[in-house]
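I opened this model to take notes on its fold, its cores and a few backbone details. The entries below follow the order in which I looked things up.

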Amino acid sequence: MAKKIRKAVIPAAGFGTRFLPQTKAMPKEMLPIVDKPVIQYVVEELVDAGITDIILVTGYHKRTIEDHFDAANLDLIENLRQGGEKKRPLLEAVEHISKMANFIYVSQKGPYGNGTPLINVRHLIGDEPFIYTFSDDFITAKPSRFKQMLAVYETYGASVMGSIRAKSDADYSRYGFAGGEDLRDGVIDIKVLIEKPGKENAPSDLATVSGSIFTPDIFNYLDQVLESLGDGAEFYYNDALKLMLKDGKRILATEIKGGRYYDTGNKLEYMKTSVELALEHPEINGDFKTFLKDLDLGSK
(Lines give C-alpha, C1' and ligand atoms only; values in the text may rest on other atoms or scores of the structure.)
Protein backbone atom coordinates (compact mmCIF):
# COMPACT_ATOMS: atom_id res chain seq x y z
CA MET A 1 0.00 0.00 0.00
CA ALA A 2 1.31 3.45 -0.94
CA LYS A 3 2.36 5.62 1.99
CA LYS A 4 -0.14 8.39 2.71
CA ILE A 5 0.85 11.86 1.55
CA ARG A 6 0.41 14.60 4.12
CA LYS A 7 3.10 17.16 3.18
CA ALA A 8 3.39 19.70 0.38
CA VAL A 9 6.23 22.02 -0.62
CA ILE A 10 5.61 25.38 -2.31
CA PRO A 11 8.63 27.34 -3.61
CA ALA A 12 8.01 31.06 -3.18
CA ALA A 13 11.40 32.77 -3.23
CA GLY A 14 11.34 34.35 -6.69
CA PHE A 15 11.65 38.08 -7.24
CA GLY A 16 8.65 38.42 -9.54
CA THR A 17 10.58 40.70 -11.90
CA ARG A 18 7.88 40.46 -14.59
CA PHE A 19 5.58 42.43 -12.29
CA LEU A 20 7.95 45.19 -11.20
CA PRO A 21 7.48 47.77 -9.79
CA GLN A 22 4.47 46.16 -8.04
CA THR A 23 6.59 43.31 -6.70
CA LYS A 24 9.32 45.55 -5.33
CA ALA A 25 7.67 45.33 -1.90
CA MET A 26 4.93 42.71 -2.40
CA PRO A 27 5.70 39.11 -3.45
CA LYS A 28 4.14 37.99 -6.73
CA GLU A 29 2.49 35.13 -4.83
CA MET A 30 0.41 37.75 -3.00
CA LEU A 31 -1.01 39.35 -6.13
CA PRO A 32 -4.80 39.27 -5.70
CA ILE A 33 -7.28 37.33 -7.77
CA VAL A 34 -10.38 39.38 -6.82
CA ASP A 35 -10.12 39.07 -3.01
CA LYS A 36 -7.59 36.27 -2.42
CA PRO A 37 -3.87 36.10 -3.20
CA VAL A 38 -2.81 33.59 -5.84
CA ILE A 39 -0.99 31.42 -3.31
CA GLN A 40 -4.13 30.97 -1.22
CA TYR A 41 -5.89 29.26 -4.13
CA VAL A 42 -3.04 26.72 -4.17
CA VAL A 43 -3.08 26.24 -0.40
CA GLU A 44 -6.86 25.76 -0.27
CA GLU A 45 -6.67 23.09 -2.95
CA LEU A 46 -3.93 21.25 -1.04
CA VAL A 47 -5.92 21.34 2.19
CA ASP A 48 -9.05 20.11 0.40
CA ALA A 49 -7.00 17.14 -0.86
CA GLY A 50 -6.02 16.19 2.71
CA ILE A 51 -2.61 17.87 3.05
CA THR A 52 -1.90 18.87 6.65
CA ASP A 53 1.67 20.24 6.52
CA ILE A 54 2.59 22.95 4.03
CA ILE A 55 6.23 23.95 3.70
CA LEU A 56 6.85 27.31 2.04
CA VAL A 57 10.37 27.99 0.78
CA THR A 58 10.72 31.76 0.83
CA GLY A 59 13.29 34.52 0.41
CA TYR A 60 14.29 37.47 2.54
CA HIS A 61 11.53 39.67 1.11
CA LYS A 62 8.62 37.26 1.63
CA ARG A 63 7.48 38.18 5.14
CA THR A 64 4.12 39.19 3.66
CA ILE A 65 3.38 35.53 2.88
CA GLU A 66 4.13 34.50 6.46
CA ASP A 67 1.94 37.32 7.79
CA HIS A 68 -0.92 36.24 5.54
CA PHE A 69 -0.99 32.66 6.82
CA ASP A 70 -0.29 33.65 10.42
CA ALA A 71 -3.05 34.50 12.90
CA ALA A 72 -4.61 37.87 12.13
CA ASN A 73 -3.46 40.80 14.26
CA LEU A 74 -5.64 41.74 17.23
CA ASP A 75 -6.54 45.17 15.87
CA LEU A 76 -8.03 43.63 12.71
CA ILE A 77 -9.89 40.96 14.69
CA GLU A 78 -11.33 43.55 17.07
CA ASN A 79 -12.39 45.79 14.18
CA LEU A 80 -14.26 42.92 12.51
CA ARG A 81 -15.87 41.88 15.78
CA GLN A 82 -17.16 45.39 16.32
CA GLY A 83 -18.80 45.17 12.92
CA GLY A 84 -21.25 42.61 14.32
CA GLU A 85 -23.14 40.18 12.07
CA LYS A 86 -22.40 42.23 8.96
CA LYS A 87 -18.69 41.52 9.24
CA ARG A 88 -18.93 38.02 10.73
CA PRO A 89 -18.23 36.29 7.37
CA LEU A 90 -15.07 38.37 7.00
CA LEU A 91 -14.01 37.54 10.54
CA GLU A 92 -14.51 33.84 9.93
CA ALA A 93 -12.63 33.98 6.63
CA VAL A 94 -9.67 35.75 8.21
CA GLU A 95 -9.50 33.42 11.20
CA HIS A 96 -9.80 30.37 8.96
CA ILE A 97 -6.62 31.16 6.99
CA SER A 98 -4.15 30.33 9.75
CA LYS A 99 -6.09 27.21 10.76
CA MET A 100 -6.10 25.57 7.34
CA ALA A 101 -2.83 23.68 7.86
CA ASN A 102 0.47 23.57 9.70
CA PHE A 103 2.65 26.16 7.95
CA ILE A 104 6.43 25.76 7.99
CA TYR A 105 8.80 28.36 6.52
CA VAL A 106 12.26 27.67 5.14
CA SER A 107 14.65 30.27 3.77
CA GLN A 108 15.95 29.34 0.33
CA LYS A 109 19.72 28.88 0.02
CA GLY A 110 21.62 27.52 -2.94
CA PRO A 111 22.00 27.85 -6.72
CA TYR A 112 19.33 29.27 -8.98
CA GLY A 113 16.73 26.76 -10.13
CA ASN A 114 13.66 24.82 -9.02
CA GLY A 115 15.75 22.02 -7.55
CA THR A 116 17.08 24.21 -4.72
CA PRO A 117 13.82 24.45 -2.74
CA LEU A 118 13.68 20.65 -2.70
CA ILE A 119 17.18 20.33 -1.25
CA ASN A 120 16.28 22.96 1.33
CA VAL A 121 13.34 20.93 2.70
CA ARG A 122 14.90 17.46 2.68
CA HIS A 123 15.22 17.40 6.47
CA LEU A 124 11.51 18.14 6.83
CA ILE A 125 10.32 15.58 4.28
CA GLY A 126 12.42 12.64 5.45
CA ASP A 127 11.35 9.38 3.84
CA GLU A 128 7.82 10.50 2.95
CA PRO A 129 6.28 11.09 -0.47
CA PHE A 130 5.11 14.68 -0.93
CA ILE A 131 3.53 17.19 -3.29
CA TYR A 132 5.72 19.82 -4.94
CA THR A 133 3.70 22.61 -6.51
CA PHE A 134 4.24 26.16 -7.62
CA SER A 135 2.68 29.27 -6.11
CA ASP A 136 1.71 31.16 -9.26
CA ASP A 137 -0.21 28.60 -11.32
CA PHE A 138 -3.05 26.21 -10.68
CA ILE A 139 -5.72 24.09 -12.35
CA THR A 140 -9.40 24.26 -11.56
CA ALA A 141 -11.06 20.85 -11.91
CA LYS A 142 -13.58 18.54 -10.26
CA PRO A 143 -12.22 16.42 -8.67
CA SER A 144 -9.32 18.80 -8.05
CA ARG A 145 -5.96 18.23 -9.73
CA PHE A 146 -4.38 17.10 -6.45
CA LYS A 147 -7.18 14.63 -5.77
CA GLN A 148 -6.76 13.24 -9.29
CA MET A 149 -2.99 13.00 -8.86
CA LEU A 150 -3.29 11.37 -5.43
CA ALA A 151 -5.67 8.76 -6.87
CA VAL A 152 -3.04 7.84 -9.48
CA TYR A 153 -0.30 7.74 -6.83
CA GLU A 154 -2.39 5.49 -4.58
CA THR A 155 -2.95 3.10 -7.49
CA TYR A 156 0.63 2.84 -8.72
CA GLY A 157 2.78 3.99 -5.75
CA ALA A 158 5.06 6.07 -7.97
CA SER A 159 5.93 9.72 -8.61
CA VAL A 160 3.22 11.54 -10.57
CA MET A 161 3.50 14.66 -12.72
CA GLY A 162 0.32 16.69 -13.25
CA SER A 163 -0.27 17.35 -16.94
CA ILE A 164 -2.50 19.06 -19.48
CA ARG A 165 -3.02 18.49 -23.20
CA ALA A 166 -1.34 20.99 -25.49
CA LYS A 167 -3.91 23.23 -27.18
CA SER A 168 -1.73 25.22 -29.55
CA ASP A 169 1.58 25.01 -31.36
CA ALA A 170 2.93 27.67 -28.98
CA ASP A 171 2.39 25.35 -26.00
CA TYR A 172 5.14 23.05 -27.28
CA SER A 173 7.65 25.87 -26.80
CA ARG A 174 6.32 26.88 -23.37
CA TYR A 175 6.16 23.62 -21.41
CA GLY A 176 7.97 20.35 -20.83
CA PHE A 177 6.46 17.22 -22.41
CA ALA A 178 6.38 13.57 -21.38
CA GLY A 179 6.31 10.49 -23.57
CA GLY A 180 5.97 6.83 -22.72
CA GLU A 181 3.66 3.85 -22.40
CA ASP A 182 -0.07 4.36 -21.95
CA LEU A 183 -1.27 2.70 -18.73
CA ARG A 184 -4.86 3.89 -19.03
CA ASP A 185 -6.69 6.86 -20.47
CA GLY A 186 -4.68 9.97 -19.59
CA VAL A 187 -1.96 8.16 -17.58
CA ILE A 188 1.43 7.28 -19.05
CA ASP A 189 4.49 5.52 -17.70
CA ILE A 190 7.12 8.12 -18.60
CA LYS A 191 10.13 7.04 -20.65
CA VAL A 192 11.30 10.46 -21.77
CA LEU A 193 10.99 14.08 -20.61
CA ILE A 194 11.79 16.93 -22.99
CA GLU A 195 11.74 20.62 -22.08
CA LYS A 196 10.13 22.95 -24.63
CA PRO A 197 10.66 20.52 -27.54
CA GLY A 198 8.66 22.32 -30.22
CA LYS A 199 5.77 20.46 -31.81
CA GLU A 200 7.92 18.50 -34.27
CA ASN A 201 10.08 17.00 -31.49
CA ALA A 202 7.45 16.49 -28.78
CA PRO A 203 7.08 12.87 -27.55
CA SER A 204 3.33 13.40 -26.99
CA ASP A 205 0.81 16.18 -26.50
CA LEU A 206 0.95 15.80 -22.69
CA ALA A 207 2.56 18.87 -21.10
CA THR A 208 3.84 18.47 -17.54
CA VAL A 209 2.71 21.56 -15.63
CA SER A 210 1.43 22.72 -12.28
CA GLY A 211 2.60 20.35 -9.60
CA SER A 212 3.97 16.86 -9.00
CA ILE A 213 3.99 14.10 -6.42
CA PHE A 214 7.52 12.94 -5.67
CA THR A 215 8.70 9.86 -3.83
CA PRO A 216 11.60 10.58 -1.44
CA ASP A 217 14.19 8.84 -3.60
CA ILE A 218 14.30 12.01 -5.69
CA PHE A 219 16.63 13.53 -3.09
CA ASN A 220 19.44 11.08 -3.87
CA TYR A 221 19.23 12.04 -7.54
CA LEU A 222 19.12 15.73 -6.72
CA ASP A 223 22.38 15.16 -4.84
CA GLN A 224 23.91 13.68 -7.99
CA VAL A 225 22.81 16.64 -10.10
CA LEU A 226 24.11 19.12 -7.53
CA GLU A 227 27.49 17.39 -7.29
CA SER A 228 28.00 17.62 -11.05
CA LEU A 229 26.64 21.15 -11.41
CA GLY A 230 29.08 23.52 -13.06
CA ASP A 231 29.81 27.04 -11.85
CA GLY A 232 26.88 29.31 -12.61
CA ALA A 233 24.74 26.45 -13.95
CA GLU A 234 21.05 26.27 -13.05
CA PHE A 235 19.81 23.50 -10.77
CA TYR A 236 16.63 21.89 -12.11
CA TYR A 237 14.74 18.93 -10.68
CA ASN A 238 13.98 17.65 -14.21
CA ASP A 239 17.64 16.63 -14.43
CA ALA A 240 17.10 14.46 -11.33
CA LEU A 241 13.96 12.96 -12.85
CA LYS A 242 15.91 12.01 -15.99
CA LEU A 243 18.47 10.20 -13.83
CA MET A 244 15.64 8.39 -12.05
CA LEU A 245 14.22 7.24 -15.38
CA LYS A 246 17.67 6.08 -16.48
CA ASP A 247 17.84 3.95 -13.32
CA GLY A 248 14.45 2.41 -14.03
CA LYS A 249 12.53 4.39 -11.42
CA ARG A 250 8.87 4.75 -12.29
CA ILE A 251 7.46 8.23 -12.93
CA LEU A 252 3.96 8.74 -14.27
CA ALA A 253 2.23 11.64 -16.01
CA THR A 254 -1.50 12.08 -15.54
CA GLU A 255 -3.77 14.38 -17.48
CA ILE A 256 -5.93 16.48 -15.18
CA LYS A 257 -9.39 15.69 -16.48
CA GLY A 258 -11.90 18.50 -16.89
CA GLY A 259 -9.27 21.01 -15.88
CA ARG A 260 -8.68 24.65 -16.75
CA TYR A 261 -5.04 25.71 -16.37
CA TYR A 262 -4.27 29.18 -15.02
CA ASP A 263 -0.75 30.62 -15.14
CA THR A 264 -0.40 33.94 -13.32
CA GLY A 265 3.35 34.18 -13.86
CA ASN A 266 3.14 36.95 -16.47
CA LYS A 267 1.01 40.07 -16.87
CA LEU A 268 -1.26 38.87 -19.65
CA GLU A 269 -2.06 35.46 -18.13
CA TYR A 270 -2.54 37.08 -14.73
CA MET A 271 -5.10 39.48 -16.17
CA LYS A 272 -6.89 36.64 -17.99
CA THR A 273 -7.05 34.67 -14.74
CA SER A 274 -8.37 37.66 -12.81
CA VAL A 275 -11.12 38.30 -15.35
CA GLU A 276 -12.21 34.66 -15.61
CA LEU A 277 -12.38 34.14 -11.85
CA ALA A 278 -14.11 37.50 -11.33
CA LEU A 279 -16.83 36.24 -13.67
CA GLU A 280 -17.30 33.29 -11.30
CA HIS A 281 -17.19 35.27 -8.06
CA PRO A 282 -20.62 35.17 -6.37
CA GLU A 283 -20.48 38.76 -5.10
CA ILE A 284 -19.55 40.55 -8.32
CA ASN A 285 -20.00 38.20 -11.27
CA GLY A 286 -23.26 39.74 -12.52
CA ASP A 287 -22.19 43.39 -12.34
CA PHE A 288 -18.74 42.55 -13.69
CA LYS A 289 -20.21 40.71 -16.67
CA THR A 290 -22.40 43.73 -17.40
CA PHE A 291 -19.38 46.01 -17.16
CA LEU A 292 -17.44 43.91 -19.68
CA LYS A 293 -20.39 43.82 -22.09
CA ASP A 294 -20.71 47.61 -21.91
CA LEU A 295 -17.05 48.27 -22.65
CA ASP A 296 -16.50 50.04 -25.93
CA LEU A 297 -13.36 48.12 -26.91
CA GLY A 298 -13.29 49.70 -30.34
CA SER A 299 -12.34 53.04 -28.78
CA LYS A 300 -9.53 51.61 -26.65
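**Overall fold**

I began with the secondary structure of the chain, which comes to 11 helices and 13 strands, where helices (H or I, at least four residues) and strands (E, at least two) are DSSP runs numbered from the N terminus. I then noted that the radius of gyration of the chain is 20 Å, close to the 19 Å that the globule rule gives for 300 residues, so the chain is as compact as a globular protein of that length; the radius is taken over C-alpha atoms, and the rule is 2.2 Å times the number of residues to the power 0.38.

Before going on, I wrote down that this is a predicted model, in which local features need pLDDT of at least 70 and side-chain atom pairs count only at pLDDT 80 or more, while totals for chains, interfaces and linings use all residues. I also recorded that residues are numbered from 1 along each chain as its sequence is written, and that side-chain values use heavy atoms, with hydrogens and water left out.

Along its principal axes, the C-alpha trace of the chain spans about 60 × 50 × 40 Å. Among contacts (heavy atoms within 4.5 Å) between residues at least 6 apart in sequence, I found that 74% join residues at least 24 apart.

**Burial and cores**

I looked up burial next: of the 300 residues of the chain, 46% count as buried, with buried meaning under 20% relative accessible area, exposed over 50% and partly exposed in between (1.4 Å probe, protein chains only). In soluble globular proteins, nonpolar side chains tend to be buried together.

The largest nonpolar core has 50 residues, and those with the most contacts inside this core are Leu46 and Ile54; such a core is a set of buried Ala, Val, Leu, Ile, Met, Phe, Trp, Tyr and Cys residues joined through side-chain atoms within 4.5 Å. Helix H1 (residues 38–48) gives the most to this core, with 6 residues. A second, separate core has 29 residues, including Val9, Val121, Phe219 and Ile251.

I listed the contacts of Ile54, leaving aside its neighbours within four places in sequence, and found among them Ala8, Ile10, Val43, Leu46, Val47 and Phe103.

**Backbone details**

Which peptide bonds did I note as cis? The bond from Leu20 to Pro21 is cis, with omega near 5°, and Pro21 has its place in the loop between strand S1 (7–12) and strand S2 (32–33). The bond from Lys142 to Pro143 is also cis, with omega near -5°, and Pro143 is found in the loop between strand S7 (137–140) and helix H7 (145–156).

I then turned to positive phi values in residues other than glycine. Val34 has phi near 65°; Val34 lies in the loop between S2 and strand S3 (36–37) and, at 34% relative accessibility, counts as partly exposed. Lys196 has a positive phi of about 45°; Lys196 lies in the loop between strand S10 (187–195) and strand S11 (206–214) and is exposed, with a relative accessible area of 52%.
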